[in-house]
Amino acid sequence: MIRIELDEPTLARTRIAISPLWEVLTSLFVVQRHPEEAPWPDTAWAWHARRVLAEVPATAPAKLLTVGLPAPDFLSPIPTSAAPILAEQPARAASRATPASEGSGSPRRQPDG
């Protein structure tokens, strides 16, 4: 059994939600991290994704999301509901302002895995 102890303020800020935009970003990381062949169960999907990214001009901006990993937090904002739709999240990401107090210093690294 895994036991995680949280204080009351931390528990109050805890949200369990699906983030379609985060799923897109992490999927792009899989494609970038495994340039030859992604491990199972992503092998077929990654092959198809690479082909689409190479052949469909509209996907060109997606390549920028995997340059200089990790991606900045504003690209995957905290979902506003437990099951947001993908179309809601980019608008929220675009309108999110980063407070000046958080804008300085080194970017945080996402954990590998």
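Author: Let's start at Glu-36, which counts as exposed at 74% relative accessibility; exposed means over 50% relative accessible area, buried under 20%, and partly exposed in between, using a 1.4 Å probe and protein chains only. Before going on, keep in mind that this is a predicted model, where local features need pLDDT of at least 70, side-chain atom pairs count only at pLDDT 80 or more, and totals for chains, interfaces and linings use all residues. Residues are numbered from 1 along each chain as its sequence is written, and side-chain values use heavy atoms, with hydrogens and water left out.

Glu-36 lies in the loop between α2 and α3; helices here are DSSP runs of H or I with at least four residues, numbered from the N terminus. From the C-alpha of Glu-36 to that of Ala-46, ten residues apart along the chain, the separation is 9.6 Å.

That loop also holds Pro-41, with α2 covering 20-33 and α3 covering 43-55. The Trp-40 to Pro-41 peptide bond is cis, and its omega is near 10°. For background, most peptide bonds are trans.

Now hop to the loop between α3 and α4 (60-64), where you'll find Thr-59. Thr-59 is buried, at 18% relative accessible area. Its side chain reaches the backbone oxygen of Val-56 at 2.7 Å, inside the 3.5 Å limit for a polar contact between N or O atoms, where one must be able to donate a hydrogen and the other to accept it. Leaving aside residues up to four places away in sequence, Thr-59 touches Val-52 and Leu-53, contact meaning heavy atoms within 4.5 Å.

Terms used: Helices (H or I, at least four residues) and strands (E, at least two) are DSSP runs, numbered from the N terminus.
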